[in-house]
Number of protein chains: 2
Amino acid sequence: MPSQTTENYLKALYHLHLKNPEISLTELGQRLEVSKPTVNEMIKKMEKQGWVTYVRYKPITLTEDGEREAAKVIRKHRLSEMFLTEIMGFGWEEVHQIAEQIEHLKSDAFFDRMDELLDFPTKDPHGSPIPDREGNFLDNNYQMLSQMEEGQTVVLNALRSSGKEFLMFLNKKEISLGLEITINQIEAFDRSVTVSYGKHKNVVLSQAVAAKLLVSQTE
Amino acid sequence: MPSQTTENYLKALYHLHLKNPEISLTELGQRLEVSKPTVNEMIKKMEKQGWVTYVRYKPITLTEDGEREAAKVIRKHRLSEMFLTEIMGFGWEEVHQIAEQIEHLKSDAFFDRMDELLDFPTKDPHGSPIPDREGNFLDNNYQMLSQMEEGQTVVLNALRSSGKEFLMFLNKKEISLGLEITINQIEAFDRSVTVSYGKHKNVVLSQAVAAKLLVSQTE
DNA sequence: AATTCTTGTTAGGTGCTCCTAACTTTATAT
DNA sequence: ATATAAAGTTAGGAGCACCTAACAAGAATT
């Protein structure tokens with residue numbers, strides 16, 4: 001489990017790598033407001049821990065693990081900001097500083113509960129995407145089936161989970177990528193979704209399942 | 001501002017001192033699960049910082065400052081627990097561990113907002129008192145006027161604030177300690193309270209004022 | 001190509017919170 | 001009163017995240 005400091009480095013690295021995947025020590029040091037020797041030392045540690053690749057005098061790159069972990073921190077940050085504004089009624093100006101602290105709390109349950117109370121947002125109010133709990137940024141065009149509206153017809157594009165049981169479940173239901181799905185009804189109470197597809201009519205999918213099906217609307 | 005570790009020491013000291021105001025290093029070490037030399041060193045620092053009084057080989061005592069600071073941490077812990085159960089829907093078993101982390105967040109606004117959303121609780125669900133934001137434990141028999149019910153008659157016992165303006169305000173309203181107050185009505189919307197006392201009838205007190213008046217019920 | 005500027009590195013140090021091993025002081029028990 | 005047990009102390013060390021000063025490597029400039 002990354003330390004609080006490591007999480008901050010990962011977050012900074014993530015933001016910098018969006019502009020340029022090759023990150024310099026100096027750049028990173030400026031963003032984090034620490035000296036170059038400090039960054040240097042820290043990056044060597046993070047390299048040992050597998051978050052970044054680093055060779056002396058060469059730019060830093062995030063590993064896949066590092067990228068995923070960074071996304072998780074960003075997820076926690078954005079969820080926290082949403083929670084502070086939507087549920088606790090703070091103004092957007094005030095929340096950043098508090099979210100910087102909350103994002104480091106060690107409790108998946110806590111962030112899952114936030115996610116749920118916020119109704120699984122995929123974007124924060126600035127329009128920035130919120131990664132899922134595995135640290136994947138959803139493709140901007142994909143939305144969760146559970147977030148769609150009654151009457152819409154959508155195409156299944158991707159899955160948000162790839163567990164064996166989940167795949168077998170989809171198999172049994174004859175749900176596969178590319179499938180056209182029509183949303184008949186969304187139950188407000190438990191957010192289960194009733195859908196029709198192929199020769200199946202009015203199949204009920206739980207919220208848990210619907211949230212793992214990434215779809216896009218057909219025009 | 002005390003460090004996270006110092007806050008934990010203060011909290012442990014507070015709980016231990018309730019049984020016995022003279023606390024031994026060994027006891028404290030056991031509670032915090034750290035070695036005796038560690039406690040020893042840490043307590044010396046805390047003594048320099050004014051949280052405890054300590055003389056070699058003698059038991060540790062909390063200073064007034066230390067006690068107040070400890071109460072503040074306990075307040076944050078209990079508010080967090082309440083928030084996690086009441087607002088976020090966690091079960092009582094799960095919340096302790098998360099609250100242990102939340103209690104260290106540096107943001108008064110955050111805890112004030114929790115307090116507000118929870119409607120200014122004075123006790124947690126176990127019946128343990130929640131100190132106020134200045135770190136005062138309310139006397140168990142005293143309750144805030146704002147927490148009473150319509151129709152009750154109460155006696156004003158103490159004030160939760162002693163600001164000049166507040167005292168002048170009470171003066172103007174002819175409210176003083178020992179006064180008998182009858183609660184006529186509590187407005188659900190803004191929690192203002194309409195009361196009668198002495199020759200004053202149906203005086204409206206804002207929630208902010210009512211929360212600062214500590215009363216006990218007359219039998 | 002040589003100089004200069006920028007970037008990265010080493011060396012040596014600090015404060016915080018923790019440790020074990022060995023010792024001393026104080027309290028308890030015979 | 002002395003021996004033993006319990007509590008407290010000192011010395012020396014470790015890892016984390018930070019620092020400054022001084023030096024080396026690589027890039028940019030003329």
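Student: How are chain B and chain A related?

Tutor: In this predicted model, chain B is superposed on chain A by a rotation of 178° with 0.1 Å of shift along its axis, and the RMSD is 0.4 Å. The two copies are therefore related as by a two-fold rotation axis.

Student: Which residue of chain B comes closest to the rotation axis?

Tutor: That is B:I102, whose C-alpha lies 3.8 Å from the axis. As for the contact surface, the same one serves both copies, since 100% of the contact residues of chain B recur in chain A.

Student: Changing topic: how many cavities of 30 Å³ or more are there?

Tutor: The count is 2. The second largest cavity holds about 50 Å³ of space.

Student: Which residues line that second largest cavity?

Tutor: From chain A the lining takes A:F83, A:I102, A:L105, A:F110 and A:M114. From chain B it takes B:F83, B:L84, B:I102, B:L105, B:F110 and B:M114. B:I102, in this lining, is also the residue of chain B that comes closest to the rotation axis.

Student: And which elements give two or more residues to it?

Tutor: They are α6 (108–117) of chain A, together with α4 and α6 (108–117) of chain B.

Student: Now the largest pocket. What is its volume?

Tutor: The largest pocket has a volume of about 390 Å³. Its lining consists of 16 residues, and those nearest the centre are B:K11, B:H15, B:R31, B:H96 and B:E100.

Student: Which helices supply at least two residues each to the lining?

Tutor: Four helices of chain B do: α1 (4–19), α2 (25–32), α4 (64–87) and α5 (92–102).

Student: And by class, how does that lining divide?

Tutor: The lining of the largest pocket has 3 nonpolar, 6 polar and 7 charged residues.

Student: On to helix packing. At what angle do α1 and α4 of chain A cross?

Tutor: The axes of α1 (residues 4–19) and α4 (residues 64–87) of chain A cross at roughly 100° and come within 8 Å. That is why α1(A) counts as roughly perpendicular to α4(A).

Student: Which residues make that contact?

Tutor: α1(A) contributes A:E7, A:L10, A:K11, A:Y14, A:H15 and A:H17. Those of α4(A) include A:G66, A:E67, A:E69, A:A70 and A:V73. By class, the contact has 5 nonpolar, 4 polar and 6 charged residues.

Student: How does α1 of chain A pack with α3?

Tutor: α1(A) and α3 (residues 36–48) of chain A pack at about 95°, with their axes 11 Å apart, so α1(A) is roughly perpendicular to α3(A). The contact involves A:T5, A:T6, A:Y9, A:L10 and A:L13 of α1(A) and A:T38, A:V39, A:M42, A:I43 and A:M46 of α3(A). These residues divide into 7 nonpolar, 3 polar and no charged.

Student: What about the α1 and α3 pair in chain B?

Tutor: The axes of α1(B) and α3 (residues 36–48) of chain B come within 11 Å and cross at roughly 100°, which means that α1(B) is roughly perpendicular to α3(B). Among the contact residues are B:Y9 and B:L10 of α1(B), and B:M42 and B:I43 of α3(B). The contact has 7 nonpolar, 3 polar and no charged residues.

Terms used: Residues are numbered from 1 along each chain as its sequence is written. Chains are lettered from A and ligands numbered from 1 in the order in which they are written. This is a predicted model: local features need pLDDT of at least 70, side-chain atom pairs count only at pLDDT 80 or more; totals for chains, interfaces and linings use all residues. Side-chain values use heavy atoms; hydrogens and water are left out. Axes are lines fitted to C-alpha atoms, for helices over the stretch in contact, and angles run from 0 to 180 degrees between N-to-C directions. Angles under 35 degrees count as roughly parallel, over 145 as roughly antiparallel, 65 to 115 as roughly perpendicular and the rest as oblique. Contact means heavy atoms within 4.5 Å. Ala, Val, Leu, Ile, Met, Phe, Trp, Tyr, Cys and Pro count as nonpolar, Asp, Glu, Lys and Arg as charged, and the others, Gly among them, as polar. Copies are superposed by least squares on the C-alpha atoms of residues with pLDDT of at least 70 in both. On a 1 Å grid over the protein atoms alone, a cavity is a set of points where a 1.4 Å probe fits but cannot get out, and a pocket is an open set with protein on both sides within 12 Å along at least five of seven lines; lining residues have an atom within 4 Å of a point. Grid points are joined across faces, edges and corners, and a volume is the space filled by probe spheres set on the points.
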